[in-house]
Amino acid sequence: MSREGDFLIYCIEQYKDAKSMTGRQAAELFTHYQIWDYVYSCFEALHTTGPNYIVEDIDRYIESRQH
């Protein structure tokens with residue numbers, strides 16, 4: 001698997017654990033809000049940050065897509 005693919009898995013694991021979600025719930029959320037594409041496109045910047053920042057960044061991204 002690519003570094004980006006590994007990172008996508010890492011991100012969804014961090015997010016689901018932080019939000020007490022199942023893997024299915026997190027995957028559906030990531031698909032609904034196109035978070036997969038977002039994380040992939042921001043890989044270079046995001047992979048240097050910590051898990052708390054990643055979760056907060058995903059939350060901000062979801063919020064921006066809800067408006």
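**Notes on the fold and its charged pairs**

1. Let me start with the cover over α5: what lies over its buried residues includes α1, α2, α3 and α4. Please keep in mind that this is a predicted model.

2. The buried residues of α5 are I54, V55, D57, I58, Y61 and I62. They sit on the same side of the helix, because they cover an arc of only 160° around its axis. The face turned away from that buried side carries the exposed residues N52 and Q66.

3. As for its length, α5 has 16 residues and reaches 23 Å from first to last C-alpha, close to the expected 22 Å.

4. The largest nonpolar core has 18 residues, and I58 and I62 are among those with the most contacts inside it, as are F7, Y15 and F30. At least two residues of this core come from each of α1, α2, α3, α4 and α5. I62 touches Y15, L29, Y33 and I35, leaving aside residues up to four places away in sequence.

5. Now the charges: there are 5 salt bridges. One of them joins K19 and D59, at 2.8 Å from N to O. This pair links distant parts of the chain, with K19 in the loop between α1 and α2 and D59 in α5, 40 residues apart. K19 is partly exposed at 36% relative accessible area, and D59 is partly exposed at 26%.

6. K16 and D17 also meet in a salt bridge, at 3.2 Å. K16 is buried at 17%, whereas D17 is exposed at 51%. Together with E13, K16 and D17 are linked in a network of salt bridges.

Methods: Residues are numbered from 1 along each chain as its sequence is written. This is a predicted model: local features need pLDDT of at least 70, side-chain atom pairs count only at pLDDT 80 or more; totals for chains, interfaces and linings use all residues. Side-chain values use heavy atoms; hydrogens and water are left out. A nonpolar core is a set of buried Ala, Val, Leu, Ile, Met, Phe, Trp, Tyr and Cys residues joined through side-chain atoms within 4.5 Å. Buried means under 20% relative accessible area, exposed over 50%, partly exposed in between (1.4 Å probe, protein chains only). Helices (H or I, at least four residues) and strands (E, at least two) are DSSP runs, numbered from the N terminus. Contact means heavy atoms within 4.5 Å. The expected span of a helix is 1.5 Å times one less than its number of residues. The arc is that of the directions from the helix axis to the C-beta atoms. A salt bridge is a side-chain nitrogen of Lys or Arg within 4 Å of a carboxyl oxygen of Asp or Glu.
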